[in-house]
Amino acid sequence: MSEYRDVVVVGSGSAALCAALAALEKGVSVIVLEKAGEDLAGGNSKYTAGAMRFAYDGNADLLPLLKNPDDPRLEVTEFGAYRAETFEADLLGFNDGRPLTVEQKALVSQSYATMRWLADNDVTFEPIYSRQSFQKDGKHVFWGGLTLAAEDEGVGLVAAQTRAVLSKGGQIRYDCEVVELIVEGERVVGVRTRDAAGKPGEIRAGAVVLGCGGFEANAALRERFIGADWSKAKVRGTPNNTGRGLEMAFALGARQHGLYEGCHATPMDLHMPEYGNLDIPHEERKNYRKICYFLGVMVNRDGMRFVDEGKDFRNYTYAQFGRAVLEQPGHFAWQIFDSKVDHLLYAEYRFHDAHFVEAETLDALIEKLDGIDDKDRVRATLDAYNAAVDDDVAFDPTVKDGKGTHGLPLPKSNWAQKIDTGPFKAYPVTGGITFTYGGLEVSAAGGVVREDGGDIPGLFACGELVGGVFFNGYPGGSGLTSGAVFGRRAGYGAAAVAQDRSLAAQTA
Ligand SMILES: Cc1cc2nc3c(=O)[nH]c(=O)nc-3n(C[C@H](O)[C@H](O)[C@H](O)COP(=O)(O)OP(=O)(O)OC[C@H]3O[C@@H](n4cnc5c(N)ncnc54)[C@H](O)[C@@H]3O)c2cc1C
């Protein structure tokens, strides 16, 4: 006889665990099925910095979310406000003319309530002093609308959510890959599974929630949907998000939704492993990422700059610039800095396995830039850049300082300082994919929508699987919030369907 649970949740990342928590809150039985073993469970969510973007009106809104609301630094911290209108405008800025989608409106409007809900479930947060604030006039001044991260980052987030699921009576089964949905009539009534030894299994369910990630770890699907360059991309997170959830939903007629050629990708160390690595020490975990380009310049194999490195706060450019780097000739670039900004480079630039070259003079540095044959071109690019820097405006990394270049065909709009003070450093980077933007369409209750507009009864989706949330870019910290908002919603929706079915079965 096969097992039965009211709600089966596929995947154990943050979105899936939120779905499980929400369903448990409604009093139904829940099992979470995770393809990975316990070490890699938690998916991409575990690799994150735990940073979450949400709308808030000021410091007072943040206090109920904090692990330590008595931290004396809070007295001298300016979080500012990040109102719903600003969050919406930030998303709109990446929509390439599309109006806000229903998914984006839901993300923004539910963001703060979902953070409070997480805090009610013992997930606590800390201010991101190290990466999202600068010291100014004796105060910690936050910038860019992103203020809090889960305690102990992604590892802490997944651990807290896992504890909450287990303490509410949910079960989690690792090494249990979901390979197929069981369908009766049009209704999803369970899943077929395979354990680590390849042994098949089956669990019947009142409803199934897919929370098993996008297709970023599947080179063939990346190439098909995003483009030829993308088979070369490094994968920043889990090797397990191979698009199986999408394929299972498509097999039942689910509609493709969102921008399939879109993805979140950031500049990463050229010599990082093919996938993200959870083995490196926690404090160094994200350190293959290299996103301080706004403090210097980037040049490609032809010795040319190719983006406006200071176009906006890096929260608003880092998810696009990975694509820009990957699409350069040879799929790489060099980030170049002088000693004036060395102390501002994030810890990831001092990581024990960070690859870089260093020299006392710019010419000597340029000689060390492997992969670039035309050294004169790099020198000319840097000379032109240095000559174009506006010396009359003061450098201030806490604001968009307007310290830009004049007269370059490709400007640097903010934080443009001359690269003229040795020693100089250069870091080789490539593009690393974080997650994919194309997904499924879900209803207001989290149900998966069919090609013809109807629901697929009993099937729900959340997290990276939800399309229509991000298009040509991404305000940093929105992915986890999206996972939590749509995970919670799918959990409530699935629980309601499972309860209805069980009632119908009892009265039949
Ligand atoms: C290095 C890195 C840093 C990031 N930093 C941030 C950040 O600070 N803030 C932010 O908002 N976002 C960040 N993100 C993005 C964020 O990780 C995602 O938006 C979010 O975690 C996705 O959550 P999810 O639950 O949908 O997917 P995941 O957390 O990836 O979970 C999916 C799970 O499904 C499992 N799975 C896959 N297929 C199957 C199957 N067939 N059967 C069973 N299980 C399956 C996978 O093993 C995985 O555990 C980062 C991502 C990476 C890679």
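Author: Helices (H or I, at least four residues) and strands (E, at least two) are DSSP runs, numbered from the N terminus. This is a predicted model, in which local features need pLDDT of at least 70 and side-chain atom pairs count only at pLDDT 80 or more, while totals for chains, interfaces and linings use all residues. Residues are numbered from 1 along each chain as its sequence is written, and side-chain values use heavy atoms, with hydrogens and water left out.

Asp-383 has a relative accessibility of 36% and counts as partly exposed. Arg-379 is likewise partly exposed, at 27%. The classes behind these words are buried (under 20% relative accessible area), exposed (over 50%) and partly exposed (in between), with a 1.4 Å probe and protein chains only.

Lys-340 forms a salt bridge with Asp-420, with 2.8 Å between the closest N and O atoms. This pair links distant parts of the chain, 80 residues apart: Lys-340 is in the loop between strand E17 (333-337) and strand E18 (357-359), and Asp-420 is in the loop between helix H12 (375-388) and strand E19 (424-436). Lys-340 is partly exposed, with a relative accessible area of 29%, and Asp-420 is partly exposed at 43%.

Another such pair consists of Arg-450 and Glu-186, whose salt bridge has its closest N and O atoms 3.3 Å apart. Arg-450 lies in the loop between strand E21 (447-449) and strand E22 (455-461), whereas Glu-186 lies in the loop between strand E10 (176-184) and strand E11 (187-195), so the pair ties together parts that are 264 residues apart in sequence. Glu-186 is exposed, at 55% relative accessible area.

Salt bridges may also be joined to one another: Glu-3, Arg-5 and Arg-173 are linked in a network of them. A search of the whole structure finds 29 salt bridges. As a general principle, side chains of opposite charge can pair when their charged atoms come close.

The protein is divided into domain 1 (3-54 + 152-261 + 437-507) and domain 2 (264-432), with bounds from an automatic or database domain assignment. The centres of domain 1 and domain 2, taken over C-alpha atoms, are 36 Å apart. Contact (heavy atoms within 4.5 Å) joins 30 residues of domain 1 to 28 residues of domain 2.

Together, domain 1 and domain 2 bury about 2,500 Å² between them, and 57% of this lies on carbon and sulfur atoms. Buried area here is the accessible area (1.4 Å probe) that two parts lose on being put together, summed over both. Of the area that domain 1 buries against domain 2, Trp-230, Lys-234 and Arg-236 supply 33%, more than any other three residues.

Which residue forms a salt bridge with Lys-234? The partner is Glu-274, and the closest N and O atoms of the pair are 3.2 Å apart. Across the interface of domain 1 and domain 2 the rule finds one salt bridge.

Polar contacts are also present there. A polar contact is a pair of N or O atoms within 3.5 Å; within protein, one must be able to donate a hydrogen and the other to accept it, and residues adjacent in sequence count only if both atoms are side-chain atoms. Across the interface of domain 1 and domain 2, twelve residue pairs, both members at pLDDT 80 or more, are in such contact. On the side of domain 1 that touches domain 2, helix H2 (43-47), helix H7 (153-167) and strand E13 (234-235) each supply at least two residues. By class, that side of domain 1 has 13 nonpolar, seven polar and ten charged residues. In this count Ala, Val, Leu, Ile, Met, Phe, Trp, Tyr, Cys and Pro are nonpolar, Asp, Glu, Lys and Arg are charged, and the others, Gly among them, are polar.

Definitions and conventions
A salt bridge is a side-chain nitrogen of Lys or Arg within 4 Å of a carboxyl oxygen of Asp or Glu.
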